[in-house]
Structures are given as structure tokens and as C-alpha cells.
Amino acid sequence: MAEGKILGIWDGHDAGAALIDAGGNILSAVNEERLSRKKLHSGFPHLSIESCLELAHAEKEDVTDIAFSTTDWTKTASRVFPIIADKYYLFRRRKIDRPHFHNLQRYLKFVLGQPTEPKGVLKAVNRAHITRTLRKAGFKKFRLHSVDHHIAHAAAAYHTSGMDESVCVTMDGLGDGVSSTVNYCADGKIARLGQTTAGNSIGIFFEQATTVLGMRELEDEGKLMSLADYSHKTGNKMEGLFSVNGLSIRAKLNPIAQYNFLERLAWRTPPEDFARMVQETLEKNILGLFSNAQEETGARKISWSGGIASNIKLNQRIRSHLSLKDWFVFPHMGDGGLALGAALFVAGNPQKKKLKSAYFGPGPKGQGEILDFLEKNRDKFSWSVNRKGRWQKEASEILSKENDYFFLFQGRMEYGPRALGNRSIVAPADSIEVKNKLNLRIKERNWYQPFCPSILATEAKRLFTDYDGIEDKFMTMGYSCSSLGEKRLAAAIHVDMSARPQMVGKENPEYMRLISTVGKSTGTGAVLNTSFNYHGDPIVSNIKEALEMQERTRTRHMFAEGIHIEFKGAGKRR
Ligand SMILES: [Fe+2]
């Protein structure tokens, strides 16, 4: 049991750090990409560690325990020879050409990702490497904990779910030789009931299908999901690629043969039909796994994490098929959340309270910091400091009277992929015109990718037909719109009339007040909310980046800690 603070670190895809106290309370958590400005940064999270300590006003000496995860062959190789991870990152982001022997590398990734033996040797190599790196970073005395990849995913979900006795399911591409687990959780303990080995991974299947469609693996899986809804055909040529056996999934083909099959099929299939077959295959098999887990354990409370848990259409289907009393999707479900999961596992105690917010990152030190910055940029910006509660009225009028959007920068940054009102771009929820402007100027989204709404939690019942009373504060779930929802959220829904809402309440009072003010003038407490970043960049972290983006996109309005900032060059052509 830790007596001091526990630091979790993750040094792979979407690296990051998290700091918690011995009681399992989250003090700070951030991902390296927000600080290094390298999207989905892979490598040791030096900046995140420093940021987490600073946010918690802690010193390195206060940390008694450090947790890291994953010691399979692939991760070991990339830790010891970081050039492997660097090259892969650069290729994935298309910064360099496809390396020679790319297919061999792909093959090795799958082959090496599967075996985890000899466990003792692999753990020792990883521990020695991480210890050396931490000592160089200034940590002197600490206990080092190596946490299994899927246990870290499970701990992240279970210890923040607010559930005691429950089932936790994890699923991703692969990690420590495994691609999915079903766990029984009680009294703060996680016991594995079943698993799927990496060679049978349905996550790898989804990743491969994304690549085959010419999209970025580990990044564009959500695009494939969105595209699938544009298919109007039936029939699935991927039928039989997977089957469910108890609490595990079986693949018919090995990952290499599967890739070749997908490539051939994609060549003769329209992309939307191909995407639909992939999504259907995913949904059918994972729903089968969840149903078996519920049948075997009788569980009516489920928590869910791992990269696949980001698939909101799948989540909607699971939720509507299983009769559940409680249901929780960990908001930073991918590997970016492993740092917090590993730390929570070491703390080990059940967090009885459900995670209500994810504002664990850095934020401005009050209005003074922003005003100092503005003073230095008087030629570009004008501003006004509003009385408390006043900025929401001005902001609401920008949406309703000017039919425009604005940037919103306030408080501590969100942990996880979603902007939840602290680093957000806010627009009217029903204006297609503003939505198109956003796409043209800032987001450059594919035509089939929808925007999403933030709504008052109290509006969920009348905007969605399948709202089950379990509030989703983190945009992890799809819901079907009612006829009112279709109308009022017209700019923030998908082609199939579903939406991925953030249900806002007291966890973010400033944002809640904004949406209620909007509701007073439009009749519906809802806005379009998209992340505050330029197409392809990480979400902005500090006021400097926020103002740079305002200038770059020639956006007129930003509200930063209640200060209304106007860009003087807005509307002028570049
Ligand atoms: Fe993972």
C-alpha cells in the first residue's frame, strides 16, 4: 500500500502521466501530445510528469510509488530501441515514406505482440530500463510497479465506475499478448474470468480495415464507423471471420491472411459498404461477448474500457441490448488512459464515487495570466472583462444573433480525447451554415464525419428516444434522436439521426450556465461542441496556443476565463 503519491506513466502510443494520492483520488493527469504538440506522442512522458507534479504542488520526493504497464516483446523492443517507435510514429503520421520491409514490420508487430514469455526476463528488462529513465529524470527513491496492459485498462474503468460488484470488459488491438478480457470486480479487486489472445484480435481487424480504406490506423477508426452509416446495402462478406466462444473471441484467419482478405474485398466494394460490413462484424461479435459475460455472471453493472470502447455505435447497441442497472465507459479508453489505470491499480481501493469530470490537466492561473498576454498583443486583439455570469449572455448572443461560433478556453484541460467545455469550439446546435464554416476554416472534416452536441443533462429525455437515465458526461455513447432532437440538434447529429452528446451538469458550472442561457433564447439547452484544435493538431493547451489559433483561423470571438477576446483581423481575407 502506498503511503505517498502514486505516479502512473505510459510511454507508448498517446503517452502520458497521472498522479493520484494513496486513497485513489485523482490529482492530475495529462497526455504528452498536449505539451509536446506532437499528436498522439509516443515516447517517455517527461513533460506530462512535470506537469502532473506541478498541478498537484508535489515534488518528486512525494512520489513513493510509480506504475507503468505493458512488457510484451513489441513494447520491450520499442523501449530499448526507441528508434523503432519513432520510425513507426513518423510513418503513421505520413511524415516519412513507407519504410522498406514495411510488410515485414507489420508482420513482426503482430508476431511479436503475441507471446509474453519469458515473463520474468521481459519484466526485468523493462523494469531496468524504466528505472534508469526515471532516475535520470530525478526520481531517487520509489517502488516501481509493472502492471499488465489489460489490468491497467480494467483498473481505469472499474475504479472510476462508482460500482463495487460488477463486470469490467476491456478490448483493444493488443497488449501483453491479449486483446480482450472479461473481469469480475468486487471489493477493489479485479479477477480475470476470460480473455482473447492477440492472434484473435477483433481490434486488430478494425485497425487493419481502417488502413485498407486508406485511413490512419490507431487514429481514424471513428471515421470508418461514421462512414458505415452511409451504406444502404445488406449482406456481409465478412461473415464468419470471427466467432464468440464463451468469454473469448476466435478469428478464422491469422492477422496477415486477414489483411490480404480485407485488401482484396475493399478493392471490389464501395468504401461505405466495406465500412458497414466491418462495423457490423465488430458489433455482432462484441455484443455476443457481452451477452455471454452477462449470462455467466448475472451482472447488471458493467464498466468498459480499451480502444474499442471508443466506438459509440457499438456502445449504443450494447446498452440497448443488455438490460443494465449501471453502465460506465471510461472516458480515456484507449492507451492514452493507461497511466491513470496503472496508478489506480496500485492504489487498489474501490472508488465508490463515479467519475463525474475529467478536468485533470493544466489550466490558466486566473484572468491575470491571460490579460498579461493580451497586453503584449494589443495590436491584434481587443477584449473586455465581464462581470461574473455576464460572459454567457454575450456568448449566447453570438450563437443566436450573429449566427457565429466562438472559442471557449477555461479551467483545467480535459483528460482524454474529448473536449468537454474547457477547450471547446462552440456553435449553434442547429445551424448548418455555421457547421459548414467550421469545417471550411478549421476542422476540414471528411463529409461523412458529424459534429456532436453538449446538452443540459436535463434535456436528454426529450432529445433522445433511447436515453436510459444513466448520464453520459464524456461523449462515449450514441443515442437516437427524437423528432425534437433531429430539429434542434440538426448541425450536431449523424446521417442516421443519432448523436454523441455530452450531458452537462454541475461538474462544469460555467459551461452549464452557458448552455442554460442558450436554452433560454432557443428553447433547447444545447450547443454544438467540437474540440479546440486546428485540423490534425492536438487540442490547445494554453492561452498562447489558443490566441495563435484565433489569429490563424481569423476567428472573431473567444471567451477565456470569462474575458471576451475579439480578433481585430476577423473576416479579413488572408
Ligand atoms: Fe490498449
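A residue is termed buried when its relative accessible area is under 20%, exposed when that area is over 50%, and partly exposed in between, as computed with a 1.4 Å probe on protein chains only. By this criterion His149 and Asp172 are both buried, and 59% of the 574 residues of the protein chain fall into the buried class.

The structure is a predicted model, in which local features need pLDDT of at least 70 and side-chain atom pairs count only at pLDDT 80 or more, whereas totals for chains, interfaces and linings use all residues. Residues are numbered from 1 along each chain as its sequence is written, and side-chain values use heavy atoms, with hydrogens and water left out.

The protein chain contains 20 helices and 22 strands, where helices (H or I, at least four residues) and strands (E, at least two) are DSSP runs numbered from the N terminus.

The iron ion has as its protein donors His149 (NE2), His153 (NE2), Asp172 (OD) and Asp335 (OD), at 2.0 to 2.3 Å; donors are N, O and S atoms within 2.8 Å of the metal (3.2 Å for Na, K and Ca), and sites may look incomplete because water is not among the atoms. The arrangement is irregular because the four donor atoms subtend angles of 87 to 166 degrees around the iron ion, given that four donors count as tetrahedral if all angles lie between 85 and 135 degrees, that four count as square planar and six as octahedral if opposite donors are over 155 degrees apart and all others between 65 and 115, and that anything else is irregular. Along the chain the donors follow the spacing H-x3-H-x18-D-x162-D. His149 lies in helix α7 (residues 149–158) and Asp172 in strand β6 (residues 166–175), so the pair ties together parts that are 23 residues apart in sequence.

The lining of the largest cavity comprises Ala29, Val30, Asn31, Arg34, Gly361, Met413, Glu414, Tyr415 and Gly416. A cavity is a set of points, on a 1 Å grid over the protein atoms alone, where a 1.4 Å probe fits but cannot get out, and a pocket is an open set with protein on both sides within 12 Å along at least five of seven lines, lining residues having an atom within 4 Å of a point. Strand β3 (residues 26–31) gives the most to this cavity lining, with three residues.
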